[in-house]
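Hi,

Here is the structure I said I would pass on. Have a look at it, and below you'll find what turned up when I went through it.

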Amino acid sequence: MQEILQYFFSGITNGAIYAVIAIGFSMLYNSTDLINFAHGEFVMLGALTMVTFSGPFHLPLLPAFIATVCCISIAGLLFERLAIRTVRFPEPIVLIIITVGASIFLRGIGMLAWGKDAYSIPPFSTHPPLDIAGAKLLAQSLWILLIVLLMVACLHFFFKKTLTGKAMEACAIDKRAAWIVGIPSKLMVMLAFGLSTGLGALSGVIISPITMCSYDMGTMLGLKGFCAAMLGGLGSLWGSLIGGFLLGILEALGVGFVSSGLKDATAFFLLLFILYARPGGIISALNVKRF
Amino acid sequence: MRVQILYSFFILMVALAGHFISNAYYLQVLTFIGINTLLALGLNMLMGYAGQISLGHAAFYGIGAYATAILTVHFSWSPWLALPVAIAAAVMVAYIVGVPTLKLSGYYLGMGTLGFGMIINIIFREWSSVTGGASGFVGIPALSLGPVSFSSRQNYLYLVWGCVLLCIVLCRRIIDSRVGRALRAIHDGEKAAAAVGVDTQKLKLQVFVLSAGMSALAGFLYAHLVCFISPETFSFIMSIRMVTMVVIGGMASIWGSLLGASLLTLLPEWLHAFSEFEMVVYGLILMIVMIFLPKGLTRGILDIVERSRRSL
Amino acid sequence: MNSDHPLLIVENVSKAFGGVQALSDVSFQLFPGTITGLIGPNGAGKTTLFNLITGIFPADTGDILFKGSSTLNNTVHELVQCGIARTFQNVELFESMTALENILVGQHARTRCGMWGSVFRFPWVRHEEGRATKIAFELLDFIGLKEHALRKSGDLAFGWQRLLELARALASGPRLLLLDEPAAGLNMVETMQLGDLIRKVRDQGITILLVEHDMSLTMEISDAIVVLDQGKKIAQGSPRSIQEDEAVMRAYLGTSPQK
């Protein structure tokens, strides 16, 4: 029992991170019909920028956090402007290769800027781990969960209550119709890119204390975040959230009860299973409202 | 008739290359180009002609390589006996995976094949008692056929490019037939293809299986060339590189596959000069080519030539 | 003409999408060698009916019999093999292929060369290929596009694309041909030529089911008319009787049935 709880805790911690990455994927897919294979690299950039801001630059936690997310969002905007909007024939296959090229490029940048070493930063707070029924929950895990829940609340508020959020939703549902009623859809796409990469950076920041951050950490995280998004239903924010947690928990249980070697395989088995059994995901984005 | 001339020219070039180039490094690079051409050719049948994307094709490449490695080392089979088994293994896996996966389309198909590729790669890495695990599989025997040893680089070059020629002929014949027309029809419009009586599901599966078989052949040639394989070679990155070869060279173009494979093999070699900047430059080149020549180099360059001729 | 057995029997067919009843309890029969016009206001269920007959999705209830046997469990391409061909409302040619190749693909159902055949090019394969090309040229001649055989179908004028799609459907050697708004986007002269062609096709013994908004064309060439409105069949009969039918008038002029 205690063991299961321990796995569960580590599962929801990872799950929260997958969820943030998945939401980034889903949001972008919604507004642009694009799957950004470079998304994981923005997570990596977020984590490493955070390392630099809080390490060599000696910024306090919160300013470092905000500066990181802003920097990466701007990088995301640049990426959209330079590499995506310039594409003349935006077919899926072309976009896949461009984003894959971007992913290699960004990984190269990461390696140039930070070298091949792995870094980590101290946890956000130095509380001792909580002891719940014999299982330990790290303070950082609580931080992660807290930040993720806060972020989801903010996003929910943004899409439901603000005009910009509604305009984005309108763009996601029908770009042409949104354009006809005067919504600047190009701006919305840019905004979606900024938000999506910002979310990537956010997930990079919150895991930087609990993982070794290096230039090659992004690919696997990106792919798993992608699996989580598929699991929940590509394009559905709530689905991505649920998919992320589900993936995290199942992965942790898989490691605990089957074999740690299969940790990475769990995500892909789940991906195949969901594709074959219910391609729309658990919360089918095809039927349910997108946000 | 033109085709015969092209083939003769092709054979002549390979023969000349093998005869005059004695530098081991150049021969090796040329051989790798041949192996990559096989990969690109197989995937081009699937992507360029049938219009189905696969982001997990390195798995079949790996299955070919690992199957022959296991059979020749653990079971001491002759490589020539292992070859058909290796291809059959890839074909069988492709069939089993293809039936459910090819029902998907677009991004979903991409993701399904990606997931499959990752799982196979994890199997290569984790099933260490059979595959040697992450550290790789050593001691794969070199090829020989009676008195002819393929451990000489010249002979291996001939062998690989012989296979390439064979596959080119095979693909061309398929494309110029009822099957090939149906494939292109699926690419242009799956709904309309079904409406003229094409069994789209069956045909997509056949091409998927064909391209898996060709990838396995490439894997076999690779394994016996370098005599050492590790899961890294058959990872997601390789799958992506295969897709890139097809797209950069030009979809639905056989000679484009050859071009794409050559470029993508040579590029990293050239980029060694950039040492640390290698990845950055590689990524940049991919993006730039796709942004400005989305139909691939063959088509893209032809378009540019045509445009400049028109403006003259 | 009606003495034969019906070629196609649609029997109490219903189909719903979510809460929308696209077709409810529709029945009619098509007799060999006739042209039947299927008309009705937008959203009447005409295209749904086409999709049911060609096997794109199955009916919820009811049955469709083609040459006496049920088609409910057949896939689209199997039905083409049985002899049902169609054209699409928005022309769906294989645009990167030439006109000739489009018709060659159209013959897919009645040729049989597979993977092995194409690799080894057996004599029978070459024979089959030659025959297919000959038929393709005959069909191109039939629609008057023989000179344009080697042009990319995507580059042809729109009216020609419609004709090419018709020829492609004929290439499968159908018994039943379903035409989905073949005259949409054509000018008057082209529409008249199309009408002549459709008659010629009928005279070859091919049964035709025609959805068309151009009433003068439909009334002129059809032997019988079926009228759908809001998923129900509201009238059936000769063109003349339909033109005088009150229910049809109401459906088209929009007066509600209660008044």
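Predicted model: local features only at pLDDT ≥ 70, side-chain atom pairs only at ≥ 80, totals over all residues.

**What I found**

Let's start with R184(B), which sits in helix α8 of chain B, residues 178–188 (helices are DSSP runs of H or I with at least four residues, strands are runs of E with at least two, and both are numbered from the N terminus). Residues are numbered from 1 along each chain as its sequence is written, chains are lettered from A and ligands numbered from 1 in the order in which they are written, and side-chain values use heavy atoms, with hydrogens and water left out.

Back to R184(B): its relative accessibility is 18%, so it counts as buried (under 20% relative accessible area is buried, over 50% exposed, in between partly exposed, with a 1.4 Å probe and protein chains only). Setting aside neighbours within four places in sequence, R184(B) is in contact with Y49(B), I175(B), M97(C) and E101(C) (contact means heavy atoms within 4.5 Å).

**Chains B and C**

The contact involves 25 residues from chain B and 28 from chain C. Together these chains bury about 2,500 Å², 61% of it on carbon and sulfur atoms (buried area is the accessible area, 1.4 Å probe, that two parts lose on being put together, summed over both). On the chain B side, R178(B), R181(B) and V196(B) lose the most area to chain C, together 30% of what that side buries.

There are 3 salt bridges between chain B and chain C (a side-chain nitrogen of Lys or Arg within 4 Å of a carboxyl oxygen of Asp or Glu). R181(B) also turns up here, in a salt bridge with E129(C) at 2.8 Å, N to O. As for which helix gives the side of chain B that touches chain C its largest share, that is α8(B), with 7 residues.

**Chains A and B**

Of the 2 pairs of chains in contact, A and B share the most contacts. Here 45 residues of chain A meet 39 residues of chain B, and the two chains bury about 3,800 Å² between them, 83% of it on carbon and sulfur atoms.

R125(B) forms a salt bridge with D264(A), with the closest N and O atoms 3.7 Å apart. The side of chain A that touches chain B draws its largest share, 16 residues, from α4(A).

Chain A and chain C, on the other hand, do not touch, and their nearest C-alpha atoms are 11 Å apart.

**Two other things**

Helix α1 of chain C (residues 46–53) is largely enclosed by the rest of the structure, because 7 of its 8 residues are buried. After α1(C) comes G55(C), with a positive phi near 85 degrees.

And how many disulfides are there over all chains? The search of the whole structure finds 0 (a disulfide is a pair of cysteine sulfur atoms within 2.5 Å). The sulfur of C71(A) is 7.0 Å from the closest cysteine sulfur, in C70(A), which is too far for a bond. C227(B) is in no disulfide either, as the nearest cysteine sulfur, that of C163(B), is 16 Å away.

Cheers
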